[in-house]
Structures are given as C-alpha cells and as structure tokens.
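Me: Please look over the model shown below with me, and let me ask about a few of its features one at a time.

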2 protein chains.
Amino acid sequence: MPAPIPDAEQGEPDARRYARLPDPFPMWRGGMLHGAQIAYETWGKLNAARDNAVLLFTGLSPPAHAAASPQDPRDGWWQRMLGPGLAIDTDKLFVVCVNSLGSCFGSTGPASIDPATGRRYRLSFPDLSVEDIARAGHEVARTLGIERLDTVMGPSLGGMVVLAYAALFPGAARRLVSISGTLAASPFAIALRSIQREAIMGDPDWRHGHYPADRPPRTGLGLARKLGTVTYRSAAEWQQRFDRQPVRPDLKGNEPFTAEFSVQGYLESQARRWVNAFDANCYLYLSRAMDRFDLGAHGDPPAALGKAGLEQALVIGVESDLLFSIAEQRAIADALQAGGAATRFAPLQCIEGHDSFLVDIERFGRELKGFLG
Amino acid sequence: MPAPIPDAEQGEPDARRYARLPDPFPMWRGGMLHGAQIAYETWGKLNAARDNAVLLFTGLSPPAHAAASPQDPRDGWWQRMLGPGLAIDTDKLFVVCVNSLGSCFGSTGPASIDPATGRRYRLSFPDLSVEDIARAGHEVARTLGIERLDTVMGPSLGGMVVLAYAALFPGAARRLVSISGTLAASPFAIALRSIQREAIMGDPDWRHGHYPADRPPRTGLGLARKLGTVTYRSAAEWQQRFDRQPVRPDLKGNEPFTAEFSVQGYLESQARRWVNAFDANCYLYLSRAMDRFDLGAHGDPPAALGKAGLEQALVIGVESDLLFSIAEQRAIADALQAGGAATRFAPLQCIEGHDSFLVDIERFGRELKGFLG
C-alpha cells in the first residue's frame with residue numbers, strides 16, 4: 001500500500017504497511033475522521049481459504065512491530081512469542097498487528113495532521129473510545145480481504161479491544177484471546193491512570209496540548225511513565241530484582257532528593273526512553289479511552305459477547321496484576337462462557353504483574369500454543 | 001510547658017504541649033539541630049509507678065492529635081481507638097502521641113525557623129532519619145519522667161519508628177506494637193514514594209524548596225497526595241465504594257480530560273485538603289526518611305530488636321496492603337520473636353489496604369485491646 005511513512009527516521013528499517021480507513025470514519029462517541037489510516041505489520045501468509053488470520057491489538061504504548069521480519073529485523077515487543085514455530089506460529093497463522101487508532105506510530109491520532117486545517121489535531125482530535133480502536137482494526141482485516149478471523153487477540157488495552165470487537169462485529173472472529181484485560185475499567189485503574197494524565201497536564205510544557213515537537217512535557221511524561229511502570233509490575237518481582245541495591249552512578253543526579261536506590265534508576269531509564277518516544281496528547285486520549293471502557297454499554301456482557309458467535313475463547317490473567325485484577329479476568333471468562341464460547345480461563349502465578357505477558361513467555365506461550373495449536 | 005505555639009490559628013482549640021529536645025540534638029546521619037522541639041498530646045494519667053505510659057508514633061502525615069481531649073474536643077486521627085474504655089484505654093493507660101521530628105504540626109522540621117539564621121530551614125534542614133524521629137519521641141518520654149514505657153506503638157512510618165526505637169534504646173519499653181511497618185523499605189514502596197517526591201519537585205512552584213508560604217507547589221503536592229491515597233487503599237475497597245459512579249458535579253472541572261468518575265472526585269477532594277495542610281519540604285524529608293529506613297543498619301534484625309529487652313510484641317498487618325506487604329509484617333514478627341519477645345502476629349483480612357488501621361477499628365481494636373488489656 002503506497003502510503004506515507006509519517007514518522008520513520010530516514011534509513012531505519014520499517015515493516016509497516018498502511019490501511020486507509022473509510023472516509024469519513026465516524027467515531028463511537030461522536031465526531032469523525034477524514035483520511036485516517038492505520039499502520040500495521042504482518043507475519044506469515046494468508047492461506048487460500050483466508051481463514052488463518054490472527055488480528056492482534058496491542059497494549060497502550062507498543063507499535064505494530066510485535067516481532068522481527070525481513071523488512072524490519074529488529075526485535076518486536078512480543079519477539080519470543082510470535083514467529084515460525086513459536087506459540088503464535090507464523091508457519092501456520094497469518095498475523096496482523098495494528099498500531100491503535102489514536103496512537104503515534106503510524107496510525108492516525110492526536111499527533112497527526114488534520115487534513116481540514118493542515119495542522120496537528122492535538123486536542124481537536126475527536127473523543128477516542130476502545131470501540132474506535134476495535135473498528136479501525138476490523139477495517140484493516142477487511143482491507144486485507146479477511147472475512148472472518150481465526151482469532152482476535154490482545155493484551156491489556158488490547159484485552160479490552162477484543163471484547164469491544166466481539167460486541168461490535170458478529171461473526172467476525174472464530175476465536176478470541178483476552179489477556180489481562182477487563183469488562184469495564186475499575187476505579188483503582190482509573191485512579192492510577194488519571195494521576196498519570198494529570199502529571200502530563202500539570203507540566204507547564206504541556207501548554208494545553210500545544211507543545212512544540214521538540215519540547216514535549218518531559219517532566220510530566222516522565223512521571224507518568226514511572227507511575228505506569230510501577231503499576232505494570234509487582235512488589236514481589238522488584239524485591240527479587242532490585243531489593244535495596246544502590247542506584248547506578250549514571251542514573252543518580254545531583255539534585256536534592258536525587259535517586260539513591262536501584263529501583264529509582266530503573267524508573268528513570270524507563271522514563272528517559274519513553275519521553276522521547278510517545279506523544280503526550282496521544283497518551284492522554286488512549287489512557288482516557290481505557291478509563292471509559294465499559295462493555296456494559298453494549299448490553300449485559302454475556303449477551304454482548306454472545307453476539308460475536310465465538311466458538312472458543314481463552315482468557316489469561318495474572319494473580320499479581322495490580323491494574324487488571326485476577327477477579328476481573330475471571331469475570332471476562334465467565335461472560336464469554338455464558339455467551340456461548342467454549343472458554344478456557346488460565347490464571348497464571350507469574351510475579352511480574354500486569355506486564356507478565358511480555359516477560360513470562362514460557363507460561364503465556366504454553367497457554368497460547370495450547371489454544372491456537 | 002510554656003512553649004510557643006507556632007502554627008495554631010488564633011482561637012482554635014489546641015491540646016498540644018511541647019518538649020524541648022537536648023541542644024544540640026545530633027542527627028543520625030550527621031548534622032545537628034539547635035533549639036528543637038516536639039509537639040505532643042496526652043490522654044489519661046501517668047500513674048504513681050510511672051509504668052503505664054504508651055508512646056504513640058504516627059504515620060507520615062498526621063499530627064499529634066490522635067483523639068479528642070478537653071483542650072481540643074475535635075476528633076483525632078484515631079478517635080475511635082483511643083479513649084476511656086476503648087481499645088487503647090485511657091482509663092488505665094497514659095498515652096503520649098508525638099508529632100514526628102521533621103513534620104510541620106508543631107515539631108521542628110524543614111518549615112521551622114532555623115535559630116542560626118532567623119529563616120526557615122527549608123533544604124538546609126539536616127538529613128532526617130527514622131532513627132531521629134524515634135530519638136525525639138524518646139526525649140519526650142524522658143521529659144515526662146517516664147523511665148520505661150509500658151508500650152511503644154506506631155502504624156506505617158510509626159511502625160518503622162518503633163523498630164528503630166527498640167534498636168536504639170535498650171530497656172526503654174516493656175512491649176511493642178508495630179502496625180503495617182517494615183524492617184526495611186521495599187523497592188516497590190521506594191518507587192511509589194519517589195514518584196510522589198518528584199511530583200512535588202517537578203512543580204515549578206516548588207522553587208527548589210523556596211516557595212512562599214502562600215504559594216506552595218500545589219500541583220505537585222496534589223499529585224503526590226493523590227498517588228499516596230491510591231497506595232494507602234485497595235482495588236477491592238474502591239470497587240465496592242466507587243465502582244464506576246460519575247464524579248460529583250462540584251469536583252468536575254472544565255478542563256480537557258477532567259474528572260469523570262467518582263473515584264477521581266474522591267482523589268481531588270483528598271488533594272485539596274492536603275495541599276493546604278502539609279508543608280512540601282517536610283513531606284520530602286519524611287518520605288525520604290522512610291525510603292532509607294533499614295533496621296539492618298543496627299545489625300541483624302533479631303539481634304537489633306533483641307537489644308530492646310522487650311517482653312511482648314504485637315505485629316498487625318493487612319493482606320490487602322500494597323505498600324507494606326503482609327510478608328513484610330511476618331518478617332517483623334519473626335524478628336521480634338527471634339529477638340526474645342513473646343510475639344503475636346495478626347494478619348488481618350481487611351480490604352482497606354495500608355490505611356485499614358484508620359478504618360477497620362473493629363478488627364484492629366480487638367487486637368489492640370487483647371494485647372494491651
């Protein structure tokens with residue numbers, strides 16, 4: 001698809017392709033987009049029957065680059081999970097990973113140019129909902145000639161998106177995998193995300209969304225990322241990993257009350273990477289979309305999910321997840337089962353919290369391989 | 001004690017008394033204070049044998065006003081726990097609650113006037129340690145003519161202070177009660193506290209500690225308080241209490257990305273109260289003191305605690321506590337037992353997280369009454 005590549009550095013490898021969304025693209029809570037696009041990457045081959053496709057939605061922050069490919073040999077965010085012979089076996093499956101609508105890695109979002117004005121949308125971007133992300137992904141599958149997915153799959157935000165997908169598109173997928181998602185954002189998660197948004201908006205450099213590209217609200221973004229990082233992991237993991245080791249000298253500043261412990265250095269290095277990679281306004285939109293998600297808007301969850309006509313479902317959750325509790329995972333599984341899908345619920349004992357799906361490839365891989373195989 | 005009352009509003013009830021600390025008062029990590037004082041309140045009567053005293057240390061933020069008294073009839077932070085016939089029975093016990101050294105409710109701290117300069121200490125206040133808070137409380141007891149406490153007691157920060165107290169002052173207490181404290185700050189708690197400090201320091205109004213009294217770093221303090229509040233409670237409690245109810249209209253602003261859910265309004269109301277009540281520099285000092293606390297600095301915990309010669313100990317912890325895990329409570333109990341105190345460990349099933357001791361008076365009261373009675 002001969003689309004512009006809006007944010008790739010000259011000469012960097014790039015496996016993204018772009019799907020144009022219908023113009024206009026009406027948004028779930030009102031407003032519409034014109035000339036919008038979704039960046040995606042693919043692995044494996046769509047078979048002749050076009051029935052081996054997996055549509056993969058991401059968490060809040062990753063790009064579509066889930067794994068290496070000839071066009072972009074760099075490791076992806078699920079590198080050890082997705083590939084030939086791996087749990088998501090691209091010898092058999094055709095995998096499509098989309099960068100979420102509203103994000104900033106090639107898909108249209110608040111950092112994109114509004115064709116009506118020639119300037120970035122910023123806060124004039126219409127309200128974004130998890131349902132819009134689902135619909136945009138669905139359009140990508142249609143563009144690729146896929147009538148029915150083998151599996152729709154997503155972790156975290158993606159775990160919400162797949163539920164919206166099921167409610168919105170009857171018959172569009174045969175199977176569903178929800179990883180550490182939720183039927184409706186919990187007040188605890190809302191609290192933690194809203195503090196992250198306030199950290200960004202409280203930074204004078206945010207300028208009500210009108211920061212220059214070379215001067216984003218670094219302090220607020222850094223704080224938001226640090227807090228996000230804490231919520232994605234667990235106390236038990238960090239006790240093992242950092243204990244009370246002193247901070248690495250290069251991550252120790254000279255300011256008063258500077259970092260003293262290794263865990264603070266870890267947060268600092270996470271924040272430094274993030275501040276230069278993610279657009280602040282996109283983060284605000286995506287984060288709020290997560291808070292607002294409530295499958296109940298589509299009816300009682302079993303009925304809403306039942307509309308999808310799913311044959312099978314897999315729900316994976318982690319006992320140590322602070323942000324999307326194991327009780328929430330069980331509720332998803334119960335609703336899918338009640339909605340008619342033969343559902344396996346896999347509560348895992350990983351200690352890495354919400355991010356376990358990125359880390360504990362062995363446990364998660366075993367579940368995914370068993371389900372997909 | 002005819003001491004100045006540095007921060008009471010004219011005409012407000014005030015039960016505080018003040019103890020002068022030895023001059024100079026050497027600090028645990030170096031430096032010293034001159035003319036320092038500790039604010040405290042008392043309930044009940046010291047008996048003739050002077051052996052019925054309870055010294056109560058507070059969490060990070062409360063003042064010495066733990067309960068009402070004739071001099072100040074307003075409810076205190078442990079109102080339903082401490083009084084005649086209550087779990088901490090002031091018909092029998094003489095209770096002394098101290099405002100921590102380094103705090104801002106009458107005790108000397110970074111917001112106090114440095115007698116050497118006539119100006120506020122701000123960041124020139126010497127390094128503050130949990131050990132200094134323990135020593136300052138010990139001096140209050142000595143001032144009151146108490147040779148040996150019946151019980152030294154504290155929740156949260158106070159739960160760290162009592163352990164430092166035991167290590168520092170052999171024979172100074174017969175019994176010890178540690179509530180939701182720790183032998184050494186965990187990396188998870190350090191991470192969460194350091195983000196709160198950064199929120200304050202990242203606010204341009206902090207001005208490297210030189211904010212005017214009428215213009216504190218409100219944005220940063222508010223963020224810090226919101227995050228603190230999340231860490232003090234639990235997801236399960238908030239699901240019951242807030243679910244996805246909409247925010248109260250008076251707590252919903254007009255800004256973009258404003259509060260939409262009840263839990264956000266709750267955080268906002270907590271923050272508004274806090275911003276006008278607590279000094280930012282004091283918060284930074286106390287928060288860092290918690291991070292730095294490691295009883296291991298006094299030797300192996302059983303040996304360090306064994307020096308105290310305690311007869312009995314009670315350790316109370318809460319399964320839902322995010323910040324001071326139940327495993328940490330068990331470790332305190334094990335160390336006290338190994339150090340020679342007959343120790344009861346009470347892991348409670350409260351759902352209110354770290355703050356349960358303030359909320360679940362029934363469960364905590366039963367344990368305290370059983371131990372003290």
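Me: Which residue of β11(B) stands opposite Val54(B)?
Reply: This is a predicted model, in which local features need pLDDT of at least 70, side-chain atom pairs count only at pLDDT 80 or more, and totals for chains, interfaces and linings use all residues. Residues are numbered from 1 along each chain as its sequence is written, while chains are lettered from A and ligands numbered from 1 in the order in which they are written. Strands here are DSSP runs of E with at least two residues, numbered from the N terminus, and two of them pair if DSSP finds at least two bridges between them. β5(B) and β11(B), the latter spanning residues 149–155, run parallel and are joined by 3 bridges, and the residue opposite Val54(B) is Thr151(B).

Me: Which residue of β8(B) does Phe57(B) stand opposite?
Reply: β5(B) also pairs with β8(B), residues 94–98, in the parallel sense over 5 bridges. In β8(B), the residue opposite Phe57(B) is Val98(B).

Me: What distance separates the centres of domain 1 and domain 2 of chain A?
Reply: Domain 1 of chain A covers 17–184 + 294–372 and domain 2 covers 189–284, with bounds from an automatic or database domain assignment. Taken over C-alpha atoms, the centres of these two domains of chain A are separated by 26 Å.

Methods. Helix = DSSP H or I, 4+ residues; strand = E, 2+ residues; numbered from the N terminus.
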